[in-house]
Amino acid sequence: MQAYRCFFILLLSSILFSLSCALSDHEASFLARRQLSTLPENGNLADNYEFKVKVEYTFPNSRLRRAYIALRAWKEAVYSDPSKFTSNWKGPDVCNYKGVFCSPALDDPNVTVVAGIDLNHGDIAGYLPVELGLLTDAALFHLNSNRFCGIVPESFSKLTLMHELDLSNNRLVGPFPKVVLNMPSLKYLDLRFNNFEGELPPQLFDKDLDALFLNDNRFVSTIPETLGNSSASVMTFANNKFHGCIPNTIGKMSNLDEIVFMNNDLGGCLPVEVGLLKNVTVFNAAGNLLSGTLPKTLNGLSHVEQLDLSHNSLTGFVPENLCSSSSLKSFKFSFNYFNGEAKGCEPRTRKDVTLDDTNNCLPDRPKQKSQKQCQPIVSKPIDCSKAKCGGPSSKSPPHKKNEVPPKPKRTPPTPKPQPPKQKPNPPPTPKSPPPPVHSPPPPVHSPPPVSSPPAPVHSSPPPPPPPPPVHSPPPPPFEHVVLPPNIGSIYASPPPPIFKGY
């Protein structure tokens, strides 16, 4: 009885704590309006702004004075700080503020400056004031798992030394924050689990990034052809509304190690250039509108460990070489329309590899689609050699002459069905982030690790679309999935307190 009572008290306290940390839509809207009311007319800071601000303290140098002005404005922009993260943000000694790290300046080792901010998992609610543009010596800015609302101020374009920018798992809104394009030193950009929307700027992929996380936002656009210019080793697009084709320039991404397109509206055929990704270990395009057959070049993925093409409308034969790779650990091609597979691709043929061929059109295999579902797709295969951009679509899943649309009910404007599955669902609040993901450090050489996969920001799932007509095959169920912990696992977590080599 005593153990039961203790369990009940713990459960009740955890529920009350989670409720206390939640930020309602009304509060988020209030904070966004409050931020907008403080922005200058052009949304940016004047060059002489710091000299117009009265400060009662003296500082060792003008840069620490600028940092004090920025941090004081930020503290005033805080709406809720349940962990009292900013409680000691008082007085002139900004280098002793919690989450603030100082270091000798890059251009003058005799001058101390604020080199980084780390408020990861602070659960702080508020907004980003325009005065943060005064932190021009900062190379690291980590805000993972807080409740900051509103937009990213235009003044962030002044942070030209920024090396790592992690805004993940907040409630930031607006279009893609183009201020990051003005950060020449940026290597790590994490925008996951926010409410950014609209299109991606093509210039994003011209930046010399090592890691780019865009998943779990509201982006609606094609993926720019400049994708192939990216130097990134890890990139995620998952859980947005990207449509059109996977650009064939993807084959030029020689540094690529992990790429995730999961749960979007990408259509057409898989480009043959995917086979040029000889160093990739994770390739995930599950839950899209991909059609046609598998390109023979896929055997070029010689180092792939996780290959997931499930929940699409792919057809044809699954070849032996895809399933026999020595590096392979998992290959999922379920919920498609494949009508043939090599013997070595059947589950249980390899004890060291997870293979999933369910819900296809494979003869003599269990748990397959019915003949009625398979016939419209399998009888009219798509000729990928004649398709534009590797497939029949360029901007949205198109339907060529004599081709049967693979998923007639799923078009970019229409929300996809998201029936619950037994996979980890996002927690009720952003307080408990998923396992960390890393990033390159802020210094000039091999900088310290960075925190990552944030806990998802919760939002109600859209209502399912009406059931498809009897004569056309229903789209396979595919839930809103949180990326597994191994995505981006080469990146480490929180930043060190000292910036050696800064």
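This is a predicted model: local features need pLDDT of at least 70, side-chain atom pairs count only at pLDDT 80 or more; totals for chains, interfaces and linings use all residues.

Leaving aside its neighbours within four places in sequence, with which residues is serine 334 in contact?

Mentor: Before the answer, two remarks on method are needed. Residues are numbered from 1 along each chain as its sequence is written, and side-chain values rest on heavy atoms, with hydrogens and water left out.

Once neighbours within four places in sequence are set aside, serine 334 is in contact (heavy atoms within 4.5 Å) with Ser310, His311, Asp356, Asp357, Thr358, Asn359 and Asn360. Serine 334 itself belongs to the loop between strand S21 (330–332) and strand S22 (337–341); helices are DSSP runs of H or I with at least four residues and strands are E runs with at least two, both numbered from the N terminus. Because its relative accessibility is 4%, serine 334 counts as buried; by the cut-offs, buried is under 20% relative accessible area, exposed is over 50% and partly exposed lies in between, with a 1.4 Å probe and protein chains only.

Phenylalanine 335 also lies in the loop between S21 and S22. The relative accessible area of phenylalanine 335 is 16%, so this residue is buried. The backbone of phenylalanine 335 deserves attention, for its phi is positive, about 55°, although the residue is not a glycine. Most residues other than glycine have a negative phi. Arginine 348 likewise has a positive phi, near 75°, and is a residue other than glycine. The position of arginine 348 is the loop between S22 and S23. With a relative accessible area of 82%, arginine 348 is exposed.

Cysteine 323 is joined to cysteine 345 by a disulfide with an S to S distance of 2.0 Å. This link between cysteine 323 and cysteine 345 is right-handed, with 100° about the S-S bond. Distant parts of the chain are linked by the pair: cysteine 323 sits in helix H4 (residues 320–323) and cysteine 345 in the loop between S22 and strand S23 (354–356), 22 residues apart. Cysteine 323 and cysteine 345 are both buried.

A further disulfide is formed by cysteine 361 and cysteine 374, whose sulfur atoms are 2.0 Å apart. Its torsion about the S-S bond is about -100°, so the disulfide of cysteine 361 and cysteine 374 is left-handed. Cysteine 361 is placed in the loop between S23 and H5 and cysteine 374 in helix H5, so the pair ties together parts 13 residues apart in sequence. Cysteine 361 has a relative accessible area of 11% and is therefore buried. Cysteine 374, at 7% relative accessibility, counts as buried as well.

Cysteine 269 and cysteine 384 are also joined by a disulfide, S to S 2.0 Å. The link of cysteine 269 and cysteine 384 is left-handed, with -80° about the S-S bond. Here too the pair connects distant parts of the chain, with cysteine 269 in the loop between strand S16 (265–268) and strand S17 (282–284) and cysteine 384 in the segment after helix H5 (371–378), 115 residues apart. Cysteine 269 is buried at a relative accessible area of 1%, whereas cysteine 384 counts as partly exposed at 22% relative accessibility.

A search of the whole structure finds 4 disulfides. With bonded cysteines counted along the chain, the disulfides follow the pattern 1-2, 3-8, 4-5, 6-7.

The chain as a whole provides the setting. There are 5 helices and 23 strands in the chain. Of its 502 residues, 55% count as buried. Among the contacts in the chain with a separation of 6 or more, residues 24 or more positions apart account for 58%.

Methods:
A disulfide is a pair of cysteine sulfur atoms within 2.5 Å.
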